[in-house]
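Subject: A structure for you to explore

Hello,

Here is the structure I promised to pass on to you.

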Amino acid sequence: MPRISVVIPLYNEIDNVTPLCDALSAALAGADAEIIIVDDGSRDGSAAALDREAAARGNHFKMIHLQRNFGQTAAMQAGIDAAQGEVIVTLDADLQNDPQDILPLAERLLAENLDVVAGWRKNRQDGLFLRKIPSRIANRLIRRFTGVRLHDYGCTLKAYRASVIKGVRLYGEMHRFIPAWLSTLTYTDRIVEVPVRHHARVAGKSKYGISRTFRVLVDLLFVKFFLGYSQRPMHFFGTVGLFSLFIGSGMLIYLFIDKFAEGAEISGRPMLIAGVLFFLGGLQFLNTGIVGEMLSRIYHESQDKKTYVIRHTVHLDPGAEP
């Protein structure tokens with residue numbers, strides 16, 4: 001099997017450090033794997049515990065310590081940047097995900113030539129009202145908005161083809177939307193979901209709360225726009241702008257005819273104000289679309305970001321037999 005990189009963001013999980021490393025060593029015994037644990041500015045002694053584990057277990061354990069707590073998405077991005085494997089598997093540090101599922105996910109990805117194999121906590125061991133119900137609502141909204149049909153976006157346990165996951169950059173709290181981001185780089189039939197084991201938390205404290213649901217809703221609006229219009233913002237703003245101009249122009253033309261053909265008084269009519277607002281709003285949306293197009297080009301060209309991803313290249317020597 002090609003080399004696997006396991007990326008695990010960790011924050012204030014000192015009671016889980018040793019059990020996590022034990023479980024990873026057992027699950028990946030004999031595999032060509034590197035384990036990258038990213039300490040996201042822990043303040044409870046987790047950093048020192050991780051360093052002790054790295055010294056005791058060998059160079060296939062790599063610990064990355066961030067300067068402060070930047071959040072799970074940033075920690076995950078740091079681990080992905082450092083990963084050298086052909087397959088990158090992400091995992092939570094709380095041991096609710098089972099490390100024994102790492103190799104089956106990676107094997108499924110390679111055997112079926114997939115780009116993402118996502119874990120589905122089908123028998124989730126969490127509280128009903130504070131975790132399960134908000135998660136179900138969020139997952140249903142994400143499926144509807146993004147078109148990527150997964151049951152469990154919140155499960156961190158996922159296997160990615162490195163060449164694809166390294167083609168996106170993660171910001172804010174966008175780690176839960178990674179499959180949706182990747183749908184801009186690959187076909188959705190190369191993103192599959194499989195049931196994985198899930199355990200109740202036995203040590204440490206959960207970092208999630210009910211407020212996460214509201215953050216998901218806000219992030220989802222951005223994801224929806226980015227997925228559909230990041231490379232063509234004029235199509236969004238231009239459509240809205242033209243529609244607004246059409247309504248505003250229609251109102252103003254009607255008032256113009258009413259004023260000069262019928263002699264009606266229009267200065268105090270609400271339609272005049274509405275028509276002017278729709279007309280000016282339409283112009284503003286068109287201007288925003290133009291600015292968006294310029295920013296989109298600056299975003300891609302200044303960073304030499306491609307608008308495509310190469311899956312593989314076949315090149316034959318001109319003198320060789322095909």
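Below I go through what was found in it, starting with the overall layout and ending with single residues.

Please keep in mind that this is a predicted model. The protein has 322 residues, and 43% of them count as buried. Its secondary structure comes to 10 helices and seven strands. Take the contacts between residues at least 6 apart in sequence: 79% of these join residues at least 24 apart.

**The sheet**

Strands of a sheet pair through backbone hydrogen bonds, either parallel or antiparallel. Here the seven strands form an open sheet with mixed pairing, in the order β3-β2-β1-β4-β6-β5-β7. Which strands sit at the edges? They are β3 and β7 (residues 191-195), each of which pairs on one side only. From one strand to the next, the twist averages 20 degrees.

You can find both kinds of pairing by eye. For the parallel sense, look at β2 (residues 33-39) and β3 (residues 61-65), which are joined over five bridges. Within this pair, valine 38 of the chain stands opposite isoleucine 64 in β3. For the antiparallel sense, look at β5 (residues 116-120) and β6 (residues 158-161), which pair over three bridges. There, valine 116 stands opposite tyrosine 160 in β6.

Now follow the chain from β2 through helix α2 (residues 46-57) to β3: together these three make a right-handed β-α-β unit.

Helix α1 (residues 14-27) lies across β1 (4-10), β2 and β3, and runs at about 165 degrees to β1. At 1.5 Å a residue, the 14 residues of α1 should span 20 Å, and the end C-alpha atoms are 21 Å apart, which agrees.

Which residues of α1 are buried? They are Asn16, Val17, Leu20, Cys21, Leu24 and Ala27. The buried residues of α1 pack against β1, β2, α2, β3 and α4.

Serine 46 is worth a look too, and it is found in helix α2. With a relative accessibility of 0%, serine 46 counts as buried. Leaving aside residues up to four places away in sequence, serine 46 touches Leu10, Asn12, Glu13, Ile14 and Val17.

**Salt bridges**

The structure holds 11 salt bridges. Here are some of them.

- Aspartate 22 and arginine 57 form a salt bridge whose closest N and O atoms are 2.4 Å apart. This pair links distant parts of the chain, with aspartate 22 in helix α1 and arginine 57 in helix α2, 35 residues apart. Aspartate 22 has a relative accessible area of 40%, so it is partly exposed.
- Arginine 197 and aspartate 98 form another salt bridge, with their closest N and O atoms 3.9 Å apart. Arginine 197 lies in the loop between β7 and α8 (211-229), and aspartate 98 lies in the loop between β4 (87-90) and α4 (102-111), so the pair ties together parts that are 99 residues apart in sequence. Buried or exposed, what is aspartate 98? Its relative accessible area is 13%, so aspartate 98 is buried.
- Glutamate 112 and arginine 108 meet through their side chains in a salt bridge of 2.5 Å, N to O. Both count as partly exposed: glutamate 112 has 43% relative accessibility, and arginine 108 has 30%.

There is also a network: Arg3, Asp32 and Glu34 are joined into one by salt bridges that share partners.

**One last residue**

To finish, find tyrosine 187, in the loop between α7 (178-182) and β7. Buried or exposed, what is tyrosine 187? The cut-off for exposed is over 50%, and tyrosine 187 has a relative accessible area of 59%, so it is exposed. The C-alpha atoms of tyrosine 187 and valine 148 are separated by 9.9 Å, while the two residues are 39 residues apart along the chain.

Enjoy looking around, and write back with any questions.

Best wishes

Note on methods: Residues are numbered from 1 along each chain as its sequence is written. This is a predicted model: local features need pLDDT of at least 70, side-chain atom pairs count only at pLDDT 80 or more; totals for chains, interfaces and linings use all residues. Side-chain values use heavy atoms; hydrogens and water are left out. Two strands pair if DSSP finds at least two bridges between them. Helices (H or I, at least four residues) and strands (E, at least two) are DSSP runs, numbered from the N terminus. A crossover is right-handed if, with the strands pointing away from the viewer, the path from the first strand over the helix to the second runs clockwise. Axes are lines fitted to C-alpha atoms, for helices over the stretch in contact, and angles run from 0 to 180 degrees between N-to-C directions. Contact means heavy atoms within 4.5 Å. A salt bridge is a side-chain nitrogen of Lys or Arg within 4 Å of a carboxyl oxygen of Asp or Glu. Buried means under 20% relative accessible area, exposed over 50%, partly exposed in between (1.4 Å probe, protein chains only). The expected span of a helix is 1.5 Å times one less than its number of residues.
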